[in-house]
Amino acid sequence: KPGEQKHPKEPSSLQCMHLAVVACGDRLEETLIMLKSAVLFSNRRLCFHIFAEDSLKPEFEKKLKEWPSSYTKKFESSIYPITFSVGNAQEWKKLFKPCAAQRLFLPVILKDVDSLLYVDTDVLFLRPIDDIWLLLREFNSTQLAAMAPEHEIPKIGWYSRFARHPYYGTTGVNSGVMLMNLTRIRSTQFKNSLIPGGLTWEEMLYPLYQKYKNYITWGDQDLLNIIFYFNPECLYVFPCQWNYRPDHCMYGSNCRGAEEEGVSILHGNRGVYHDDKQPTFKALYEVIRDFPFEDNLFQSLYYPLQSKFLDTVHTLCGRIPQVFLKQIEKTMKKVYENRVIVYLGANHRY
């Protein structure tokens with residue numbers, strides 16, 4: 001239209017929201033449910049980077065192809081073997097959970113990717129990834145990664161009570177949801193406790209692990225805490241609703257952001273999707289798992305979720321269903337409105 005401003009086209013790497021996950025052992029289904037939640041609600045195109053043991057690769061390829069084309073056209077996926085560029089691969093592989101240390105090597109492996117959201121397999125998106133992706137724009141000039149605190153209350157936090165190594169801030173950070181500007185990570189010299197000068201990310205990983213390996217409990221998460229303890233200006237801390245775990249409600253509700261806005265990203269750590277300790281978390285997992293792709297979101301996802309939640313009101317997490325439902329309801333309304341607008345637009349003739 002005359003007078004309308006033309007925006008320069010984004011480079012293709014920016015048109016894609018890059019999402020990385022590391023899957024080993026019995027994490028195939030959990031990873032697929034996480035990817036499903038990402039595709040269900042996101043608006044922009046997604047690029048999945050799946051790091052998996054060789055035995056899982058054909059399964060991932062097969063399952064992702066079975067999704068309906070209306071969803072498969074929203075993403076592209078690449079599957080990579082598990083590799084560690086420095087140090088002893090077997091040592092890295094056994095650190096904490098199988099293959100979890102792979103996330104430390106993403107800046108080195110994905111050389112052409114500018115920014116990336118890494119999540120654990122036990123994460124569920126309750127709103128579009130587009131919304132957390134926007135936080136990249138909020139980084140100041142020194143910030144190159146974003147994570148949520150490990151705990152909201154220092155006196156009952158794990159790091160503040162038990163850690164025998166340096167950690168970020170007063171409660172440490174949780175690495176289950178990590179937003180990264182890989183370009184900045186690759187070009188930064190990091191302060192450290194090894195040498196007086198700076199080291200690159202890749203140079204620092206193995207010596208740091210060697211120095212602290214007898215003191216770390218949570219593997220790669222502890223190493224990230226050590227790195228950001230020495231480089232606090234490099235970290236952007238986002239609020240707990242972006243990495244909401246059982247700890248946020250099982251001792252009483254302690255994530256104010258989730259109470260106000262609802263949970264944005266659910267992180268079912270401690271295996272809660274697969275046992276009966278936290279039925280609210282399990283209910284969300286099962287409803288997204290069982291959702292038939294082409295169905296009505298309210299009918300086949302939101303209503304079953306509401307009725308499942310009625311069975312969890314006897315638990316501390318179940319007493320606050322609005323915290324779990326608020327974002328997902330908002331997201332569904334948006335999806336529905338967008339479809340109606342698109343539908344009306346397509347059928348409207350002037």
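## Sheet and helix packing in a predicted model

User: Before we start, what kind of model is this?
Analyst: This is a predicted model.

User: What is the strand order in the open sheet?
Analyst: The open sheet has seven strands in the order 3-2-1-4-7-6-8, and the pairing is mixed.

User: How are neighbouring strands turned against each other?
Analyst: On average, neighbouring strands of this sheet are turned by 25° against each other, with direction ignored.

User: Which helices pack on it?
Analyst: Helix 3 (residues 57-65) packs on the sheet and touches strand 1, strand 2 and strand 3. The direction of helix 3 makes about 170° with that of strand 3. Helix 11 (residues 220-230) also packs on the sheet, touching strand 6, strand 7 (173-181) and strand 8. The direction of helix 11 makes about 65° with that of strand 7.

User: Is helix 11 mostly covered or mostly open, and how many of its residues are buried?
Analyst: Helix 11 is mostly covered, with nine of its eleven residues buried. The buried residues are Asp220, Gln221, Asp222, Leu223, Leu224, Asn225, Ile226, Ile227 and Phe228.

User: What do those buried residues pack against?
Analyst: The buried residues of helix 11 pack against strand 6, strand 7 and strand 8, and also against helix 5 (89-94), helix 8 (158-162) and helix 10 (201-212).

User: Turning to strand 6, how does it pair with strand 7 and with strand 8?
Analyst: Strand 6 (residues 145-149) is joined to strand 7 by four bridges, and these two run antiparallel. Alanine 145 stands opposite methionine 180 in strand 7. With strand 8, strand 6 pairs in the parallel sense over three bridges. Methionine 147 stands opposite valine 237 in strand 8.

User: Are the residues of strand 6 buried or exposed?
Analyst: Five of the five residues of strand 6 are buried, so strand 6 is largely enclosed by the rest of the structure.

User: What about strand 1, and which way do its side chains point?
Analyst: Seven of the seven residues of strand 1 (residues 17-23) are buried, so strand 1 is largely enclosed as well. Met17, Leu19, Val21 and Ala23 point one way, while His18, Ala20 and Val22 point the other way. In a regular strand the side chains alternate between the two faces of the sheet.

User: How many bridges join it to strand 2?
Analyst: Seven bridges join strand 1 to strand 2 (residues 46-52), and the two run parallel. Alanine 20 has histidine 49 in strand 2 as its bridge partner.

User: New topic: how do helix 13 and helix 14 cross?
Analyst: The axes of helix 13 (residues 279-290) and helix 14 (residues 297-310) come within 10 Å and cross at roughly 155°. The two helices are therefore roughly antiparallel to each other. The crossing is right-handed.

User: Which residues meet there?
Analyst: From helix 13, Thr280, Ala283, Leu284, Glu286, Val287 and Ile288 meet Leu301, Pro304, Leu305, Lys308 and Phe309 in helix 14. By class, this contact has eight nonpolar, one polar and two charged residues.

Key
Residues are numbered from 1 along each chain as its sequence is written. This is a predicted model: local features need pLDDT of at least 70, side-chain atom pairs count only at pLDDT 80 or more; totals for chains, interfaces and linings use all residues. Side-chain values use heavy atoms; hydrogens and water are left out. Axes are lines fitted to C-alpha atoms, for helices over the stretch in contact, and angles run from 0 to 180 degrees between N-to-C directions. Angles under 35 degrees count as roughly parallel, over 145 as roughly antiparallel, 65 to 115 as roughly perpendicular and the rest as oblique. A crossing is left-handed if the near helix is turned anticlockwise from the far one by less than a right angle, and right-handed if clockwise. Contact means heavy atoms within 4.5 Å. Ala, Val, Leu, Ile, Met, Phe, Trp, Tyr, Cys and Pro count as nonpolar, Asp, Glu, Lys and Arg as charged, and the others, Gly among them, as polar. Buried means under 20% relative accessible area, exposed over 50%, partly exposed in between (1.4 Å probe, protein chains only). Two strands pair if DSSP finds at least two bridges between them.
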